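I'd like to walk you through one structure, so please have a look at it while I talk.

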Amino acid sequence: MNPVVEPLSWMLGTWLSDPPGAGTFSTLQPFQYLEEVYISHVGQPVLNFSFNAFHPDTRKPMHRECGFIRLKPDTNKVAFVSAQNTGIVEVEEGEVNGQELCITSHSIARISFAKEPHVEQITRKFRLNSEGKLEQTVSMATTTQPMTQHLHITYKKVTP
């Protein structure tokens, strides 16, 4: 492993939602989802990730995103770059402290025909809990709604 990404090594592996994740937002009906997460490295000073969400009953594919997590060398500063199947591309930045990563959108771009309301800000928090499970909480603000928690999910590790 590249030593630059060692502070994020607790995120590595294949993770499956356990239990299903919960989604809410003022413009949506509450929903549940399953998700597979792959976080890996290939020796570069960056982690690769993909998040693949599925409907819990039908297993129909839902949200998808993939990208990279970079650490600024010799700091706890982190950049998270994500491309999503909804036509959004995000750059989020923040810090890793122990086994917790908190990031906030720095820039958001979208395809010209992206669905409204448009996302204007995202925050994410990843943490490894005392049971060794990875938790993710996502909040967002749109052109019509203030910052509100949108997703919360807990994953169990299935492969290192």
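**Salt bridges, a pocket and a strand**

Let me start with a pair of side chains: Arg124 and Glu65 form a salt bridge, with N and O 2.8 Å apart. Before I go on, please keep in mind that this is a predicted model. Arg124 sits in strand E9 and Glu65 in strand E5, so to speak two distant parts of the chain, 59 residues apart.

Are these two partners buried or exposed? Arg124 has a relative accessible area of 5%, and because the cut-off for buried is under 20%, it counts as buried. Glu65, at 8%, is buried for that reason too.

Arg124 also has another partner. Its side chain meets that of Glu90 in a salt bridge, at 3.5 Å from N to O. Here the link runs from strand E9, which holds Arg124, to Glu90 in strand E7, and the two residues are 34 apart in the chain. Glu90 is buried, as is Arg124. Which residues end up in one network through shared partners? They are Glu65, Glu90, Glu92 and Arg124, joined by salt bridges.

Now for a pair in another setting. Lys77 and Glu95 make a salt bridge whose closest N and O atoms are 2.5 Å apart. Lys77 belongs to strand E6, residues 77–84, and Glu95 to strand E7, so this bridge ties together parts 18 residues apart in sequence. How accessible are Lys77 and Glu95? Lys77 has a relative accessible area of 38% and is partly exposed. Glu95 is partly exposed as well, at 30%. Both values fall between the cut-offs of 20% and 50%, which is why neither residue is called buried or exposed. In total, the structure holds seven salt bridges.

The largest pocket has about 880 Å³ of space. It is lined by 33 residues, and those closest to its centre are Leu28, His63, Thr86, Met140 and His150. Several strands give two or more residues to this lining, among them E3 (28–40), E5 (61–71), E7 (88–97) and E9 (119–128). What is the make-up of the lining? There are 17 nonpolar residues, nine polar ones and seven charged ones.

My last stop is strand E1, residues 13–17. Four of its five residues are buried, so to speak mostly covered. Which strands does E1 pair with? One is E3, which runs antiparallel to E1 and is joined to it by four bridges. Another is E11, also paired with E1 in the antiparallel sense over four bridges.

Finally, a word on annotation. An unreviewed UniProt entry lists residues 5–157 as "domain: THAP4-like heme-binding". In the model, that span is 66% strand and 0% helix, and its end C-alpha atoms lie 19 Å apart.

That's my tour, and I'm happy to take questions.

Technical notes:
Residues numbered from 1 in each chain as written. Predicted model: local features only at pLDDT ≥ 70, side-chain atom pairs only at ≥ 80, totals over all residues. Heavy atoms only, no water. 1 Å grid on protein atoms, 1.4 Å probe; cavity = no way out; pocket = protein on both sides within 12 Å on 5 of 7 lines; lining within 4 Å. Points joined across faces, edges and corners; volume = space filled by probe spheres on them. Nonpolar A, V, L, I, M, F, W, Y, C, P; charged D, E, K, R; others polar. Salt bridge = Lys/Arg side-chain N within 4 Å of Asp/Glu carboxyl O. Buried < 20%, exposed > 50% of the residue type's maximum accessible area, 1.4 Å probe, protein only. UniProt positions renumbered as here; feature names shortened; annotations may be inferred. Pairing = 2+ DSSP bridges.
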